Amino acid sequence: MDFSLNLGALDEGKLVKIDENKLYDVTVIGSGPAAVSAAIYAARKGLNVAMVGVKIGGQVLDTNEIENIIGTVSTTGAKFAETLEKHLKEHEIAFKEGHLVKEIKEDGKDKILVTDDGKTYKTKTVIVATGAKPRSLNIPGEAEYVGKGVHYCSTCDGPFYKGLNVAVIGGGNSGVEAALDLSGIAKSVTLIEFMPELKADKVLQEKLAEQSNIKTILNSATVKVNGNEFVESIVYKSRENDEEKTLNVEGMFVEIGLSPRSEVVKDLVETNKIGEIVINPENNSTSVSGIFAAGDVTSIRQKQIIIAMGEGAKAALGAFEYLITKY
């Protein structure tokens, strides 16, 4: 089959404007590590590639220190997002920034994407790499005090709590990382974990134990947020004896995992019970021909930057193979 070949890097080093009148070979939905990886790999295969996303970097922009990307000893979320953008600009990839895809329609073998501004774009294949969003506790007072003491990003909002008392809910990697971040800002940090033991990596737990201003409470459920104009305290309950206690804090950071941003395809492709897109691990294809998915929005078990990037590459290669053999 014929592909409209990618002509290489633009002289001005800029992403091109997406074209409503063009039929793209691949359109990537999302702009995080998985999406950028997919777009670059597809472009390197000589495909015409488009992207639709809010901002290059995605969830990475909410991350402070990153130390688990092989070949990069240490970086920050903001700096890593800059490198993603720089690499993306080495290829002639059309990018619609600051927008979301709200609907995907099938048009024979092709797909029509409808964005939140009412525009439509036609593509032969789609790679969904929309990532995930923080899960909420769904307890009384939580929604009421969002932005008024309840937060989901310690990197974004932690600096507001300099010298104050805060709580972190969740003992996985994200929760322990948040507690460590906040320990250098807040007066005290109380980490509350639902399970009888922390789930974070050993190296993170070792760092946690070294911090004198972090207290850990295990086997307890956070059940209520109290306040007036802003958060003043939270209530947690022991899962062992149901005893409730009140903890006076000015801020609470919820770090209990992520929910997939799969709304755009929830009625189109197969998803599992928690809404993750079910993929074929060999080529990242979904239950709908021509639609692929990659990264945290999918059913892959591990949610890591480096894994998301590999999955993005796999999805692009899967789309390329589909275009050659089935389109």
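Two strands are taken to pair if DSSP finds at least two bridges between them, and helices (H or I, at least four residues) and strands (E, at least two) are DSSP runs numbered from the N terminus. On this basis, strand β15 (residues 231-238) pairs with β16 in the antiparallel sense, over 5 bridges. The structure is a predicted model, in which local features need pLDDT of at least 70 and side-chain atom pairs count only at pLDDT 80 or more, while totals for chains, interfaces and linings use all residues. Residues are numbered from 1 along each chain as its sequence is written, and side-chain values use heavy atoms, with hydrogens and water left out.

The pLDDT is the predictor's confidence in each residue, from 0 to 100; its average for the protein is 93, and 95% of the residues score at least 70. Residues 1-12 stay under 50, and for this stretch the model has 31 contacts beyond four places in sequence, a contact being heavy atoms within 4.5 Å. Where pLDDT is low, the predicted coordinates should not be read in detail.

The β15-β16 pair belongs to an open sheet of 3 strands with the order β14-β15-β16 and antiparallel pairing. Because β14 (220-227) and β16 (244-248) stand at the edges with a single partner strand each, one side of each has no neighbour in the sheet. Neighbouring strands of this sheet are turned by 25 degrees against each other on average, direction ignored; the axes are lines fitted to C-alpha atoms, for helices over the stretch in contact, and angles run from 0 to 180 degrees between N-to-C directions.

Among the buried residues of α1 are P33, V36 and I40, and the buried set packs against β1 (23-29), β2, α2, β8 (120-128) and α6. G46, with a positive phi near 85 degrees, follows α1.

Helix α2 (residues 77-88) also has 12 residues, reaching 16 Å from first C-alpha to last, close to the 16 Å expected. Its buried residues are G77, F80, A81, L84 and L88. They lie on the same side of α2 because they cover an arc of only 105 degrees around the axis, the arc being that of the directions from the helix axis to the C-beta atoms. On the other side of α2, K79, E82 and K86 are exposed. The cover over the buried residues of α2 includes α1 (33-44), β2 (49-53), β3 (65-66), β4 (75-76) and α6 (305-325).

Two further strand residues complete the picture. G251, in strand β17 (residues 251-254), counts as buried at 0% relative accessibility. Leaving aside neighbours within four places in sequence, G251 is in contact with G149, Y161, N165, V166 and A167. T190, in strand β12 (residues 188-192), is likewise buried, at 7% relative accessibility. Not counting residues up to four places away in sequence, T190 touches V166, A167, V168, K215, I217 and L247.

Key
Expected span 1.5 Å × (residues − 1). Buried < 20%, exposed > 50% of the residue type's maximum accessible area, 1.4 Å probe, protein only.
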